Amino acid sequence: MAVSRKAFLRILGGGIVVAAGAAIAVPRLDAMPAVAVEGWRGPGPDETDPRRRALAWALLAPNPHNLQSWAVDLSQPGAIVLHVDAARLLSQTDPFSRQILIGHGCFLEILGLAAAADGYRTEVTLFPEGAWSLDRPVARVVFTRQSGLAVDPLFAEVPRRRTVKGGFDARPLEAAHKALLLSGYAAAQLPLVLVDDAESVDRLRALAIAGSEMEMNTPRTHKESIDVVRIGAAEIAAHRDGISLKGPMIWALRQAGQMTPAKAMTPGTLAWDGGRDYALAGYTSARAFGWITSADNARPTQIATGRAFVRLQLAATALGVALQPHSQTLQEYPEMAALRTAMHRQTGTPAGATLQMFFRLGYAADPGPSPRRALNSFVTA
Ligand SMILES: Cc1cc2nc3c(=O)[nH]c(=O)nc-3n(C[C@H](O)[C@H](O)[C@H](O)COP(=O)(O)O)c2cc1C
């Protein structure tokens, strides 16, 4: 679609001067670059190593801020050794790397699903060199050929799974969908709760909004997000990670000098206010929330949480249910402590237990895939 400059300025709401020609092909401006999402097609036909084939699916796992902080060593035949990439952490908002480890759990779960679909059994040894630290691996996974392995139906959902960050439809969560998500959830030691009664949803929404505002109004935690925001198609294609800002509106704001990291750090700018409004619109539209808790907060439990969470998200994908995690109010930095306590109380998380994942559920159009780095960028042979 081409629009006249006048119409385009009306879309922007006036105030912004846009140096643009008479006609603009609006839908393609700052669209998601194809190279950034090529990974969603899975392994190419030239991939013959079963480990690399499974990794090509595992890299599609959900993970905090889409940092994709995995580093894989393939030097041992028939095995992969998975590390956390020490350059891809969230030290302010995830000071204990709890969320990073949950992301690795998601990665290991999809790795196992993909290997099985390809005819390989995987045996996972967590923390094979002892308690996790940045210089010790998260897992060693041995691949063994085995005939007759069942293909988990959730594997088919891997390329369709999305984190929906925008607003949801007004439609409430269907009772049948809620029941299927609960009955299909198998991680008994990591209790799952789903709520959709208006009173609980309103209280949880208020806490989620307060947590988001706390993060945005705490410069060092907000900066951690801004540092990984990729603004426009060229930046997205160059990094293939982080938080993607794309589309005609972002393009226009960029042209007008209104969408820069510095502006996004400054309350009162279009960039800061727009970011807050976007996040809050998501919570405002939430009609159901869910959460996963654990009795302890040990590293293996964080991995198990990631495994359980991604299975839940894949099951939701199969049902057409959209899901977005909300992590802000769960985070372990001092300024968030009071809200975190309130969130624990509101979710009935017992003293000493950990609220590992919190999310909203509903229905929404497919936002399209998020970027992924190339397999070779995190694998060493
Ligand atoms: C532990 C964890 C925490 C996350 N927290 C948030 C969050 O607070 N807000 C959000 O929008 N997405 C959150 N996500 C989702 C990621 O942002 C998302 O997986 C990533 O951007 C890649 O997008 P995709 O899931 O669509 O592939 C989280 C994911 C994980 C695994």
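Modeller: Gladly, and please keep in mind that this is a predicted model. A place to begin is a pair of helices, H3 (residues 98-117) and H11 (residues 299-319), whose axes come within 7 Å and cross at roughly 55°.

Colleague: How is H3 set against H11, then, oblique or roughly parallel?

Modeller: At that crossing angle H3 is oblique to H11, and the crossing in which H3 passes H11 is right-handed.

Colleague: Which residues make the contact?

Modeller: On the H3 side they include Leu-101, Ile-102, Gly-103 and His-104, while H11 contributes, among them, Ile-303, Ala-304, Thr-305 and Gly-306. Sorted by class, the contact between H3 and H11 has nine nonpolar, six polar and five charged residues.

Colleague: Switching topic, what sits around the ligand?

Modeller: There are 18 residues around the ligand, and those that come nearest are Pro-62, Asn-66, Thr-163, Ser-327 and Ser-370. The elements giving two or more residues to this shell are H3 and strand E11 (322-325).

Colleague: Which element gives the largest share of the shell?

Modeller: That is H3, with four residues, so the helix we began with turns up here again.

Colleague: And how do the shell residues divide by class?

Modeller: Eleven of the residues around the ligand are polar, five are nonpolar and two are charged.

Colleague: You mentioned E11; what sheet does that strand belong to?

Modeller: E11 is part of an open sheet of four strands, in the order E7-E10-E12-E11, and the pairing is antiparallel. Strand E7 (192-195) and E11 are the edge strands, each of which pairs on one side only. Neighbouring strands of this sheet are turned by 25° against each other on average, with direction ignored.

Colleague: How many bridges join E10 to E12?

Modeller: Seven bridges join strand E10 (residues 288-294) to strand E12 (residues 354-362), and these two strands run antiparallel. As one example, Trp-291 has Phe-358 in E12 as its bridge partner.

Colleague: Back to helices: what about H5 and H10?

Modeller: The axes of H5 (residues 198-217) and H10 (residues 270-284) come within 10 Å and cross at roughly 165°, which means that H5 is roughly antiparallel to H10. H5 passes H10 in a right-handed crossing.

Colleague: Who meets whom there, and what classes are they?

Modeller: Arg-205, Ala-208, Ile-209, Ser-212 and Met-216 in H5 meet Arg-276, Ala-279, Leu-280 and Tyr-283 in H10. By class, this contact of H5 with H10 has six nonpolar residues, one polar residue and two charged ones.

How values were computed: Residues are numbered from 1 along each chain as its sequence is written. This is a predicted model: local features need pLDDT of at least 70, side-chain atom pairs count only at pLDDT 80 or more; totals for chains, interfaces and linings use all residues. Axes are lines fitted to C-alpha atoms, for helices over the stretch in contact, and angles run from 0 to 180 degrees between N-to-C directions. Angles under 35 degrees count as roughly parallel, over 145 as roughly antiparallel, 65 to 115 as roughly perpendicular and the rest as oblique. A crossing is left-handed if the near helix is turned anticlockwise from the far one by less than a right angle, and right-handed if clockwise. Two residues are in contact if their C-beta atoms, placed from the backbone, lie within 7 Å. Ala, Val, Leu, Ile, Met, Phe, Trp, Tyr, Cys and Pro count as nonpolar, Asp, Glu, Lys and Arg as charged, and the others, Gly among them, as polar. A residue is near a molecule or strand if its C-beta atom, placed from the backbone, lies within 6 Å of it. Two strands pair if DSSP finds at least two bridges between them.
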